[in-house]
Every structure is written in C-alpha cells, then in structure tokens.
Amino acid sequence: MIIMDKNLKIVYLDRITAGPIDLKERFSKYGEYIEYRDTDFGEVDERIKDVDVVITTRIKLGREQFEKAKKLKLILITATGFNHIDVKSANEFGIKVANVSGYSTNSVAQLAITFLLNELTPVNRYYEEVKDGKWMDITVPDYQKYPIDDVNGKILGIVGFGNIGKRVAQVAEILGMEVMVAKNTEKDNAKTGSVIEKDGFLRYDLDEVLEKCDILTLHTPLTELTRDLINLERMKKMKKSSIILNLARGPVINQEDLYFALKNKIIKSAAIDVTSVEPIEKDSKLFELENLLITPHIAWKSEKSLIRLMDNVENNLKMFLEGKLEGLK
C-alpha cells in the first residue's frame, strides 16, 4: 500500500531534459511538486533545502548539498548513469538513490546503427553537396570525395555488452557484420583464454578487438576503470580505416586524444553523442574536424523512451513510499 503524504515536497531540478511530457499531474498526486526548467550549480542549495525528493537527470549532488538538505530522503535519477551523484555520501546521510535502466535500449541502439550506416554512406555530406549544386559532380563514376562502403562483411567491435550492446550486436548481424565483443574489464579479465562464449557471442581481449574491428562502438558505463579507456595508445592499435562510435559517456574516450587521432588520420572518423563536458564548449576544437560527427546526447530521447523512463521513475517513487525501493540498478 502506498502511503500518500501531501506534505511530501518533490522538486525536478532540470525539467528541460524530460521532453514534452506532462509531469505535473503525474507527480502532484504524491505531494507538492515543483519543477525548474534547469538549475545552475549555484542555485541547487536553495532549491533543495526543504524538499523530500529530488528528481534530476544531470545535476551534480554531493556531500556539500546533502549537509544543507536536511529533509532530503530520495534522489530519483531520470537516467541510467549516476556518476554525477555522490552515492556514498548520500548513503551516509540516509538518502536513497534510484536510477532507471533498460528504458532506452531501442533508442540508443537505433542511433548507434544510424551512426554506423552514416559513416559508411555519409548521407549528411551528400546532402550538403547537393545543396551546393554539385549533383552532377557527385554522380560521375570517379567521384571519391565521400566514398561509400558496404556494411556487409565489416567487423563491429563492441565495448559494453548490456542491453544496448546486445541489441546493437543483433542488428549488426542482420546487416551481415561480424561481431567481436570486448571482455568486461571488471568481470572477464581474470578468466583464462582470449575467447569466452557467453549469451551467444564470443568475448575477446580489448586489444584484439581494437586491432581487428572496422567500427568500434562504445556502450559501457563510466567508472574509474572505463574513464579514458579509449586513449591515443589504444587508438594507435586500430586500423587507419577504422571508425569509433561513442554512445556511452564522454570521458570513456580521452577527448584530447580523439582530437589528435582524427586530425592526424590515426583513425578514419568518429561519431559521438556524448562529450567530456556537456554541453560542449562553443569554441571546442572538435568543431575544426571534418571527420567527426557530434549529436547533443539525444540517443535516449525517443518519445517511447521518455514515456517508459518516467513510468519507471514514478514506479521508483511508489516503491520508496511502500518501503520496497532497493535503489541503484
């Protein structure tokens, strides 16, 4: 049974991230609900000082905030990643933290495959050429400015093999690709042998994946082990014709090293939906690169994903009020 407490105060700190979904009716039935379009770091303390529940996608919360938020009991993260929350400190203050997993599997996998296909058939580049009046130039047989490559027969390396990585692998096989899954750094490296059979896919040492893959796609969480996982040293192991896709977290790739590798043709190209700092700086030198495509962390934002996300966030709140919430997934 859910214990309704009309004195419960709930605040959504960065409502802008949730898209065009009506949330006021959804959360007001549990207590007083306040939402802010966005919150600067300097505004956090004032906005959470007397609330019971904080909802947020990406606002940083740590010990300093928890010390001042005397009533705070629950942080509902409207995302899977929780590296912006000091979970250890939250636990010390008796604050539950809950995230949502699995809500955007199809959406993120869809963008990964879109990136992959666009890197092999760069439709965005061809559109710009057509706009510039170069239709006839493009259609001549020897046009090579933006070569088109076949996906069939390519090797796809996958780092991070949760729900999203598995979905990408399934679609890649349908497209005729060979899939190489990198071992989970934390779970598989202690196991003997370079190949492990699991979930119908083989696991390989990361270095072997890097050396053999034509496209590398990243879907791993950000941890101390995965921060800067793909750095210059590792990119130098890859083929010069290889492509990197990042739909994980920005810091999984060392961004300075990525810039250097792309500028110096150590790898062919990259497409990323995440950056080290978000939003990306307006004067970022990444914009100098012709062989890099950047989207603004949109992979998870399909309409169905957003609805599923908020259903799960509300369920976490219900579970908390029933005393059944386990916390992070």
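A nonpolar core is a set of buried Ala, Val, Leu, Ile, Met, Phe, Trp, Tyr and Cys residues joined through side-chain atoms within 4.5 Å. Buried means under 20% relative accessible area, with a 1.4 Å probe and protein chains only. This is a predicted model, where local features need pLDDT of at least 70, side-chain atom pairs count only at pLDDT 80 or more, and totals for chains, interfaces and linings use all residues. Residues are numbered from 1 along each chain as its sequence is written, and side-chain values use heavy atoms, leaving out hydrogens and water.

**Cores**
- The largest nonpolar core has 68 residues, and I48, I75 and L317 touch the most other members.
- Helix α5 gives the most to this core: eight residues. (Helices are DSSP runs of H or I, at least four residues; strands are runs of E, at least two; both are numbered from the N terminus.)
- A second, separate core of 32 residues includes L216 and L229.
- Nonpolar side chains tend to be buried together in soluble globular proteins.

**Sheet**
- Eight strands form an open sheet with mixed pairing, in the order β8-β9-β7-β6-β10-β11-β12-β13. (Two strands pair if DSSP finds at least two bridges between them.)
- β8 (195-198) and β13 (292-294) stand at the edges with a single partner strand each, so one side of each has no neighbour in the sheet.
- β10 (residues 215-218) and β11 (residues 243-246) run parallel, joined by four bridges.
- L216 stands opposite I244 in β11.

**Helix on sheet**
- Helix α5 (residues 105-120) lies across β6 (155-159), β10, β11, β12 (269-272) and β13. (Contact means heavy atoms within 4.5 Å.)
- α5 runs at about 155° to β11. (Axes are lines fitted to C-alpha atoms, for helices over the stretch in contact; angles run from 0 to 180 degrees between N-to-C directions.)

Methods: Buried < 20%, exposed > 50% of the residue type's maximum accessible area, 1.4 Å probe, protein only.
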